[in-house]
Amino acid sequence: MTQISRRQTLKRCGALAALAVSGIPVAPLLAASQATPPQGSPQGELVYVGMQERQIRALRFDPAAGTLTALGTVAEGLRSTWTLAHPKLPVLYAVDDDNTREGSVTAFSVHRQTGALTRLNEVASGGSGTTYLSLDVPSMTLLAANFGGGSSSSIALQPNGSLGARVSTIKETGSGPHRRQTSAHAHGIVIDPTGHYALVSDLGADRVFVYGFDRATRQLSGDDSANPAPFVATPGSGPRHMAFGPDGRFVYLLSELTAEIVTLRWDTAHGVLTPVQAQPVSSAAFEGVRSGAELAVSRDGRFVYVADRGENTMVVYRVAAGSGELSLAQRVPSGGERPWHFAIHDAGKWMLVANQRSGRVSVFAVDPVSGKLIDTGHGADIPSPVSLTFVR
């Protein structure tokens, strides 16, 4: 056995021992460490990897074993830094995140057996550098944030999953004290649980803009006199992404430039955000450049997960049921460098982390009781992975 293979074996054994201590079953992982599924095996679920390399690649994830199998490149040409799956149909949506030209969203049909993508259609997104997509399921509306253009758009979805017309676009203005804040840069957009408002986190303007949203017409309201006042974030913080808790009472806002997470109370009647708590994501000892990347709330609402690409860690918070406040539960290495994005499997037992700089998608087990993460040692090598999307 070579020295490298010995190190790999010791790492895998250490990860499995940690899993056993936590109470997570290790038998499937032991079986997976001895036998890798064949290339292109239909076993498991598809995972699409958005990249900075103008490609989309596909992986096959086996939820019984927690292993990944690379299927190769399935689309080329788009700088697909964000992808999103249709909730019911085998359709994938991908942005073209290019600040030098008009942005767009492309719909692909998914071949579930092979992972192959077939282009359905494309719609201009209303601004350059399309960087984020979300979906309002009740109205089947796709929402796009255009970083370069500082705008946000709503796009209708057709019954077959293809893209319909772009219904509305709102462009904002604003700036901040950081060198990357010379103009507005919409970085995320979500619809609140009532369906009455769209919240846009803008990195350049240090604001969370709140727009009225009409599910019947799929229209974002550009009427400043009718829209609620925006939430004003800390100057230079650079709001990046947001996530609602499952009961809709709280919103968690992650800043990119200062790597800070803010708990906000959401007033559903008036569309107003009120700060409850703010805390740094990085450890007190960290002296490097701070950079918050992604956050998500567990399905049961008990935990919030954050990717800290400045410190190369995944951070786990417990949620206080009454106040929505967060307390630190764990800070663990992300399995690579610059964790840009992560995806939690529907069953809640697994998390995949896209480590952009090291070109690695790492597999973590999720403890169902504590919410803590354990690096399984499994993963796949992918150049510059920045987005992960499960397609069942």
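Predicted model: local features only at pLDDT ≥ 70, side-chain atom pairs only at ≥ 80, totals over all residues.
Strands β8 and β9 (residues 141–146) run antiparallel and are joined by six bridges. Strands here are DSSP runs of E at least two residues long, numbered from the N terminus, and two of them pair if DSSP finds at least two bridges between them. Residues are numbered from 1 along each chain as its sequence is written, and side-chain values use heavy atoms, with hydrogens and water left out.

The β8–β9 pair belongs to an open sheet of four strands, ordered β8-β9-β10-β11 and paired antiparallel. At its edges sit β8 (130–136) and β11 (163–171), each of which pairs on one side only. From one strand to the next, the twist averages 20°; the axes behind that value are lines fitted to C-alpha atoms, with angles running from 0 to 180 degrees between N-to-C directions. In general, strands of a sheet pair through backbone hydrogen bonds, either parallel or antiparallel.

Another antiparallel pairing links β21 and β22 (residues 303–308), this time over five bridges. Ala-296 has Tyr-305 in β22 as its bridge partner. Five residues lie between the strands of this hairpin, and Gly-301 takes a positive phi near 80° there. Strand β21 (residues 292–297) is mostly covered, with six of its six residues buried; buried means under 20% relative accessible area, exposed over 50%, and partly exposed in between (1.4 Å probe, protein chains only).

Turning to the rings, the structure holds six aromatic pairs. Rings of Phe, Tyr and Trp (its six-membered ring) pair if their centres lie within 6.5 Å, and planes under 30 degrees apart count as stacked, over 60 as edge-to-face and the rest as tilted. Tyr-197 and Trp-266 make an edge-to-face pair, because their ring centres are 5.6 Å apart and their planes stand at 85°. Since Tyr-197 lies in β13 (residues 197–202) and Trp-266 in β19 (residues 260–267), this pair ties together parts that are 69 residues apart in sequence. Tyr-197 counts as buried at 14% relative accessibility, and Trp-266 is buried too, at 5%. Trp-266 also meets Phe-244, with centres 6.0 Å apart and planes at 80°, so this pair is edge-to-face as well. Phe-244 sits in β17 (residues 239–244), so its pairing with Trp-266 of β19 bridges 22 residues of sequence. Elsewhere, ring pairs link Phe-61, Trp-350 and Phe-390 into a cluster.

A charge also finds a ring: the charged end of Arg-309 sits over Trp-340, 4.1 Å from the ring centre. The cut-offs for such a contact are NZ of Lys or CZ of Arg within 6 Å of the ring centre and within 35 degrees of the ring normal.

Most residues other than glycine have a negative phi. Ala-259, though not a glycine, has a positive phi of about 50°. Ala-259 is in the loop between β18 (250–255) and β19, and is buried with a relative accessible area of 0%. Arg-338 is not a glycine either, yet has a positive phi of about 55°. Its loop runs between β24 (326–333) and β25 (339–344), and at 19% relative accessibility Arg-338 counts as buried.
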